[in-house]
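Let's walk through this structure together, starting with its charged pairs and then turning to a helix contact.

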Amino acid sequence: MENMEISPDDRGFYGQYGGSYIPELLWANVEELRECYRSVLSDEIYKAELEKLLKNYGGRPTPLYLAENLSRETGARVYLKREDLCHTGSHKLNNVLGQALLAVKMGKKHIIAETGAGQHGVATATACALMNLPCTVFMGKKDTMRQKLNVTRMEMLGATVVPVDSGSRTLKDATNEAIRHWINNPDDTYYLIGSTIGPHPYPDLVTRLQSVISRETISQLRDAGEKGEPGHVLACVGGGSNAAGAFYHFIGNGKTKLTGAEAAGEGVDSEKTAASINRGSTGVIHGSMTLLLQNGDGQVLETHSISAGLDYPGIGPVHAWLNEKGLAQYLPVTDSEAIEAAFRLTETEGIIPALESAHAVALLEKITFEPGSVIVICLSGRGDKDMETYSTYFEGRGRSDTPKQQKV
Ligand SMILES: *Cc1c(COP(=O)(O)O)cnc(C)c1O
């Protein structure tokens with residue numbers, strides 16, 4: 001099931017956004033992928049193998065859970081699409097399994113990936129352990145020190161983690177290093193990108209692999225007895241992959257309002273933000289034309305978000321385009337609003353969300369809806385990785401003295 005509303009043109013453009021702005025030396029690698037990705041993704045054997053993996057290994061379909069306590073509080077029918085219950089704890093596995101299988105079909109012998117906080121690196125190392133593929137993950141030196149546990153996970157899974165000591169020693173530099181490696185090893189290496197970013201065809205490839213989220217949501221809403229289209233779908237946007245997947249089959253239906261949460265950090269007008277749609281301007285980052293945070297000279301700015309997964313200066317080109325067309329809207333959510341939403345979801349439903357996903361939950365306070373409307377929130381990941389951050393806010397919050405009304 002393909003939604004032609006969000007297919008880029010042959011050169012990977014969504015309007016003015018997207019495309020493939022890459023050095024000459026990468027051309028052959030990207031072209032090889034561009035030529036085969038659509039035919040592999042629609043191949044019946046590939047589809048059957050991927051579906052089997054997603055089901056038996058990944059834990060799909062993930063539940064669509066009617067959050068009754070939260071629904072009662074908000075006056076809507078709030079459903080949570082539980083990507084947090086995927087193996088490795090987030091939606092990232094959907095993309096990683098699909099691309100690793102694609103790499104095998106292309107005859108590639110070695111997987112490389114970039115990672116920031118380590119979530120995409122762990123998911124990639126997981127798929128590579130499963131498929132017996134050597135895996136190298138490039139990670140900024142600063143991030144390897146901040147995220148030691150994820151480095152240990154990747155190494156236990158058999159991956160080689162390469163600390164990158166250049167630039168700001170974070171995600172941007174890790175990405176540059178991965179690209180350099182790819183240029184030098186074009187024949188046997190597959191570059192497995194973690195979001196709807198990068199040169200064409202990656203944004204479209206990752207969007208298609210994540211579209212399983214909205215495909216399942218549609219049939220699960222029907223099974224739950226909901227008639228027609230949901231009123232709203234909410235998701236957080238870092239590079240934009242879980243949002244693209246959660247929106248995919250609803251885009252352009254004229255009924256479902258699609259809203260993405262951008263990380264505003266300390267405020268969309270502050271210096272410490274990562275709101276690339278609300279604050280950014282048009283430019284090229286990591287191979288595609290999109291909206292990004294840059295200064296007057298086109299230098300990419302340092303970003304800030306409390307959640308590592310949203311702390312990225314650009315945005316997938318598909319979202320820049322959906323925003324421009326008015327097919328989706330993107331609202332800024334601050335660090336403190338996300339923290340509040342995380343505690344609220346934990347206290348009302350017993351679900352500790354990832355900090356990224358908490359940004360999507362916070363949108364409940366920002367959108368307008370009719371009483372009783374159906375709202376689907378993509379709960380992209382679980383909060384285990386964020387417990388250290390949460391614990392610093394937990395102190396001093398205390399619990400209220402008055403017992404809460406009994407629920408359910
Ligand atoms: C990586 C990550 C994100 C952000 O990535 P997208 O490509 O924007 O989806 C969001 N949520 C979780 C849990 C993540 O791990």
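Searching the whole structure turns up 23 salt bridges, where a salt bridge is a side-chain nitrogen of Lys or Arg within 4 Å of a carboxyl oxygen of Asp or Glu. The model is a predicted one, in which local features need pLDDT of at least 70 and side-chain atom pairs count only at pLDDT 80 or more, while totals for chains, interfaces and linings use all residues. Residues are numbered from 1 along each chain as its sequence is written, and side-chain values use heavy atoms, with hydrogens and water left out.

Take K105 and E49 to begin with: their closest N and O atoms are 3.0 Å apart. K105 is partly exposed at 40% relative accessible area (buried means under 20%, exposed over 50%, partly exposed in between, with a 1.4 Å probe and protein chains only).

The contact (heavy atoms within 4.5 Å) involves, among others, L50 and L53 of α2 and L97 and L101 of α4. Its residues divide into eight nonpolar, two polar and two charged.

Now look at E216 and R60, whose side chains form a salt bridge with N to O at 2.9 Å. E216 is buried, at 12% relative accessible area, and R60 is buried too, at 6%.

Key
Helices (H or I, at least four residues) and strands (E, at least two) are DSSP runs, numbered from the N terminus. Ala, Val, Leu, Ile, Met, Phe, Trp, Tyr, Cys and Pro count as nonpolar, Asp, Glu, Lys and Arg as charged, and the others, Gly among them, as polar.
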